[in-house]
Amino acid sequence: MGMMQEFKEFAVKGNVMDLAVGVIIGAAFGKIVDSVVGDLIMPIVGAVFGKLDFSSLFVVLGQPPAGTVMTLDALKKAGVPVLAYGNFITVAVNFAILAFIIFMMVKQINRLKKETPPPPAAPAEDVLLLREIRDSLRK
């Protein structure tokens, strides 16, 4: 079997298609979670901690050129090394939320997959007949 034939069989299998759909949906879902974290959760967390904006939390590791505005974007554009730990906090919260949501989805899917055991099969006709004979002999 040639490599192209093996690849064709691999690519056409249902699991590969399911994986591709999962990756595409996961990317779109990741953008939704990014928006939820950046636009809803982090502003609330910032307000609780005194109007703190996590995106503005950074430490300048180099010497900025004269006249450079001390914002994260301006420093990065100027090529100044910056430790952007506020951005890391946002990404970490984003990951925790996404991981929790995926955990809940997998938990629900596993719950739905649990099959109830099938009811016991009815005894065969000859077994029923033998029981009937046994019961009549006991009388």
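## Starting at S136

At 47% relative accessibility, S136 counts as partly exposed; that label covers the range between buried (under 20% relative accessible area) and exposed (over 50%), using a 1.4 Å probe and protein chains only. S136 sits in helix α5, residues 125–138. Helices here are DSSP runs of H or I with at least four residues, strands are runs of E with at least two, and both are numbered from the N terminus. The side chain of S136 reaches the backbone oxygen of I133 at 2.8 Å.

Before going on, a word on the model: it is predicted, so local features need pLDDT of at least 70 and side-chain atom pairs count only at pLDDT 80 or more, while totals for chains, interfaces and linings use all residues. Residues are numbered from 1 along each chain as its sequence is written, and side-chain values use heavy atoms, with hydrogens and water left out.

## One salt bridge

To count, a side-chain nitrogen of Lys or Arg must be within 4 Å of a carboxyl oxygen of Asp or Glu. Both ends are partly exposed: D135 at 37% relative accessibility and R134 at 40%.

## Nonpolar cores

Now for the inside. The largest nonpolar core has six residues: F58, L72, L75, V80, V82 and A84. A core is a set of buried Ala, Val, Leu, Ile, Met, Phe, Trp, Tyr and Cys residues joined through side-chain atoms within 4.5 Å. There's also a second, separate core of five residues, including V33, V37, F54 and L57.

Which residues does L75 touch, leaving aside its neighbours within four places in sequence? The list is F58, V60, P64, T68, V69, M70, V80 and V82, where contact means heavy atoms within 4.5 Å.

## A patch on the surface

Some nonpolar residues show on the outside, too. V59, L61, L83 and Y85 form a surface patch with about 370 Å² of accessible area together. Patch members have over 30% relative accessible area and no salt bridge; nonpolar side chains (Val, Leu, Ile, Met, Phe, Trp, Tyr) are joined within 5 Å, like charges within 9 Å. The areas come from the Shrake-Rupley method with a 1.4 Å probe, and for residues only the protein chains shown count as cover. V59 belongs to strand β1, residues 59–60, and is partly exposed at 36%.

## An exposed glycine

G67 is in the loop between β1 and α3 (72–77). With a relative accessible area of 79%, G67 is exposed.

Conventions:
Polar contact = N/O pair within 3.5 Å; in protein donor to acceptor, adjacent residues only side chain to side chain.
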